[in-house]
Amino acid sequence: MDSVELIKYLRNLGIDVNTKTKARGHQGFFLKNRIDISKNIPQHRVIPTLLHEFAHYIHYNIEPDMPRNGGSFEKLFKENKPYFETELLKVTNFVDENSLCVKLYEHKDRVRDQIKKQEKIIKNFYPKFQRSKNFKEFDKYIKKSKARYLLKYDRVKLIERKFFKKSVEILSISDIEHDFPEMPEAFSAYIRLRSLQRKQKRISARINKLKKYYTKPAELFARFVEGIYLDKEWTYALAPNVSKEFQILLDSGYYGKLKELIERFN
């Protein structure tokens, strides 16, 4: 069964399949009786993505609240056991390497090193400096400087109006030495440190958001179905207990037409 046959099969089930959309910024998107597949995904990802979204369709028929609450193992497997998430997450990491957040963790490590570098510069002038405490010398200096705006933003536009004239000034973290040549090196390093801390916080928030997404039962189940298509033997090896319970329910007809599709592809 190729992608054209799969799409025809899904449409025969009464599912509205769209292949010419952007799928709301994703490779695929499921909503009630509709599956959207992005027109921009590579050909080798079409079938896995269709199966992923079809798994959501199957799950939705079992648990109608799934789109709102992310689903539950109790509905998917008729019970919840401690190993469900652990085993299914291994399959997710196999199916979708983005779930490992490797690039984000690497970026976070680089930012952490840059923070240490700026901290070292500050301590050359203020040995007792601690990130967790107020930098009193800096606080006293910055009150009279426009650079104070860079403590919250990496780039700001300052607009001043005097009578009928308007002046615009752009300040940026990357141009501190140019914009504020009189500023002590330790203080410009501190402003950069604060900027890096904001970046670090954003990266951490992104990692946490992705972890929350990838550990939703609905997403774990959909990637498990993907894994069965990509490499059934390896998927079952990664999740032996889940696979055993899944197979029993699959054979009993609990997952509807999913059994027929899996048999066609394996």
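Analyst: Some notes on the model come before the questions. This is a predicted model: local features need pLDDT of at least 70, side-chain atom pairs count only at pLDDT 80 or more, and totals for chains, interfaces and linings use all residues. Residues are numbered from 1 along each chain as its sequence is written, and side-chain values use heavy atoms, leaving out hydrogens and water. Helices (H or I, at least four residues) and strands (E, at least two) are DSSP runs, numbered from the N terminus.

User: What is the order of the strands in the open sheet?

Analyst: Two strands pair if DSSP finds at least two bridges between them. β1 (16–21) and β2 (28–31) stand at the edges, each with a single partner strand. The pairing is mixed, and the order is β1-β3-β2.

User: Which residue in β3 is the bridge partner of G28?

Analyst: β2 and β3 (residues 34–38) pair in the antiparallel sense over four bridges. The partner of G28 in β3 is I37.

User: How many of the 17 residues of α2 are buried?

Analyst: Buried means under 20% relative accessible area, exposed over 50%, partly exposed in between (1.4 Å probe, protein chains only). Helix α2 is largely enclosed by the rest of the structure, because the buried residues number 16.

User: At what angle do the axes of α5 and α10 cross?

Analyst: Axes are lines fitted to C-alpha atoms, for helices over the stretch in contact (heavy atoms within 4.5 Å), and angles run from 0 to 180 degrees between N-to-C directions. The axes of α5 (residues 83–95) and α10 (residues 217–238) come within 8 Å. They cross at roughly 85°.
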